[in-house]
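Hello,

Here is the structure you will be working with. My notes follow below it.

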Amino acid sequence: MNNIAYTPFQEPESLYALNEVLLEAEDLRGLNLLMSFTGFADAGHVVSQISAELTDTLAAEPVAVFDIDQLIDYRSRRPRMTFTEDHLSDYKAPSLVLYRMIDALGKPFLYLVGSEPDLQWERFTLAVLGLVERLDVNLTAWAHSVPMPVPHTRPIGATVHGNRPELIDGISAWKTTLEIPSAMGHLLEYRLAAKGRNVVGYAIHVPHYLADAEYPPAAVAGLEYLGAAAALMLPSERLREAGRTVERQITEQVEGSAEVAAVVANLEKQYDEHSDGTARRSLLTGDGDELPDADELGAAVEAYLASRDSGPAGGPSDGADPHQG
């Protein structure tokens, strides 16, 4: 048995239905692919917020719809229903869809979003790899989030991984070797890299004391990293506004508790002692760390995308680091 290589017994292509009309579109090939899977550890609800922001605000057409009944264990992750007075009024069915989307500057990209599969990981991975090959995806980028002992008063960091050094070098402040519980994004990244396909992943660092609540600033950081990697203008205004509200609430709580203030101060001290003095600012902040308005954001991204035209699609020209503030 040791010389038998395992492959799923069922064809990966039978796991999804295709939009045959959209597949004929010329601009569907060579695009960048973003991925968001909910259900894995999601500190600060970063992935959920990114998914909602993109699917709620950008034009989207389904390219492939996966057979979710074959991939989800409903009893371990029960979908939500709404009970209204005397009847059931809503059912939030799980889904997993590959969309063609258009960013704020009219640039198309692919977005694989939905519930992380509980079952058939190998078959699902082969299915995604097949679509990546068929559509000749240029770069695959995904983001998730992890709780870290960092203060909310310092720039949000990320651990970057993948096979594109120009998107990784100089970004990760935390590097080590350890075994971790794998997620579908990890497995896809591993298999894509083995196939020689461009891939990068971002683990957004969320202050551990905020990991159980929605933390919009971390979701904004995730969108910035994904947008910079894939040369896209991704929407974040709603999250930025929500982040301002959350930051005010956190400030009030810290100021109202000497114990909480001491914890934050200790984290600040540890952060500053272990930083190299060159902590990254938010990717699109201006002088004084002020957030730009919509016009400034558009101008900055247009200039950034124009600067990449001389380099490979989806990668910065001359090996420049897109994450320098």
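L135 sits in the loop between α3 (121-134) and β8 (139-148). Helices (H or I, at least four residues) and strands (E, at least two) are DSSP runs, numbered from the N terminus. This is a predicted model: local features need pLDDT of at least 70, side-chain atom pairs count only at pLDDT 80 or more, and totals for chains, interfaces and linings use all residues. Residues are numbered from 1 along each chain as its sequence is written, and side-chain values use heavy atoms, leaving out hydrogens and water.

L135 counts as buried because its relative accessibility is 1% (buried is under 20% relative accessible area, exposed over 50%, partly exposed in between; 1.4 Å probe, protein chains only). Beyond neighbours within four places in sequence, L135 is in contact with L23, L28, R29, G30, V63, L98 and L110 (heavy atoms within 4.5 Å). L110 is 25 residues away along the chain, and the two C-alpha atoms are 9.8 Å apart.

Next, a helix pair. α2 (residues 46-57) and α7 (residues 237-255) have axes that come within 10 Å and cross at roughly 135 degrees. Axes are lines fitted to C-alpha atoms, for helices over the stretch in contact, with angles from 0 to 180 degrees between N-to-C directions. From α2, Q49, A52, E53, D56 and T57 meet E237, R238 and L239 of α7.

Last, two backbone points. E85, not a glycine, has a positive phi near 60 degrees. E85 lies in the loop between β4 (81-84) and β5 (87-91) and is exposed, at 73% relative accessible area. A231, also not a glycine, has a positive phi of about 55 degrees. A231 lies in the loop between α6 (216-230) and α7 and is buried, at 4%.

Best wishes
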